Structures are given as C-alpha cells and as structure tokens.
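Morning, everyone. Let me put the model up, and then we go through a helix and its aromatic residues.

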Amino acid sequence: DTLIVFSSDNGGVFGGPASNYPLRGGKKSLQEGGVRAVSFVNSPLLKKTGYTNTNLHHVTDWYKTFQGLAGDMPEQAEKYQHTLDGFDIWDSISNNGSSGRTEVLLNMRVSSMVNKKAPEPVYVPDS
C-alpha cells in the first residue's frame, strides 16, 4: 500500500537554467510558467494507470488527500479541527475522476495587509 508522490509548487526560475516552455513566465510570476507544475504518482492503489491527468489540482489538496487515504475523518473528531482549504483529489488521481475544483486562487493582495504587522492568531479553545 505504498504511495509515491513527486510534486512541485511552481515553475522554474524565469531566465535561469530551467525551461517552462511552452508556458510563459516562471517562478514568482502569475503566468502559467510560474504556477503550473507537474506531479508524478505511483502506487498499487491506483485504479487507472498510464495516463496524463489534466484535472485542476492545487498544492493545498495534497494534505486533505493524504488525510483521507490515512482514514482520518476530522468531521467525526471529538475535538474541533479547522476546515481545510484543499479537496480530497484521490478519485481524480486514481481514477481520472473529478477533482472538485473549478478554479484556483493564484494571488491575493489586500491593501490593508501590505506593510502592516500580521494579525495575532485566533485560537479556538478546546471543548
């Protein structure tokens, strides 16, 4: 039941030794060359193999996917667990099903967040 995952979080450095061709841009860019990346998954758990998955995934989806594969069910936990931003993409990876995503947030710049001290974290007390 081994799962091997290789993933990247962004494209290569623009103008450096990496090539993002045919995509424009590179690391630190919001163009496709800076935000699209490849992943490789291998496991005997895969229902479909030998294909290229073109579904929309985001790096935040890995945690939720691994959590599901491990059998962790936060909605059934005795103590409160924060809601995760990611989707469980296992069906998308293993069977080329839907990823659940229709869009991905690439950048968020709110003027009130620029050049200001980060807000203090909010903690939810244990029940």
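First, a term: buried means under 20% relative accessible area, exposed over 50%, and partly exposed in between, with a 1.4 Å probe and protein chains only. On that scale, helix α2 has these buried residues: Asp61, Trp62, Thr65 and Gln67. Helices (H or I, at least four residues) and strands (E, at least two) are DSSP runs, numbered from the N terminus.

Now the caveats. This is a predicted model: local features need pLDDT of at least 70, side-chain atom pairs count only at pLDDT 80 or more, and totals for chains, interfaces and linings use all residues. Residues are numbered from 1 along each chain as its sequence is written, and side-chain values use heavy atoms, with hydrogens and water left out.

What covers the buried residues of α2? The cover includes β1, β2 (39-42) and α3 (90-95), where contact means heavy atoms within 4.5 Å.

Next, rings. Rings of Phe, Tyr and Trp (its six-membered ring) pair if their centres lie within 6.5 Å; planes under 30 degrees apart count as stacked, over 60 as edge-to-face and the rest as tilted. That rule gives one aromatic pair. The partners are Trp62 and Phe66, stacked, at 5.6 Å centre to centre with 20° between the planes. They sit four residues apart in α2 (residues 61-69), so about one helical turn separates Trp62 and Phe66. Trp62 counts as buried because its relative accessibility is 14%. Phe66, at 36%, counts as partly exposed.

Last stop: Gly71 follows α2, and its phi is positive, near 85°.
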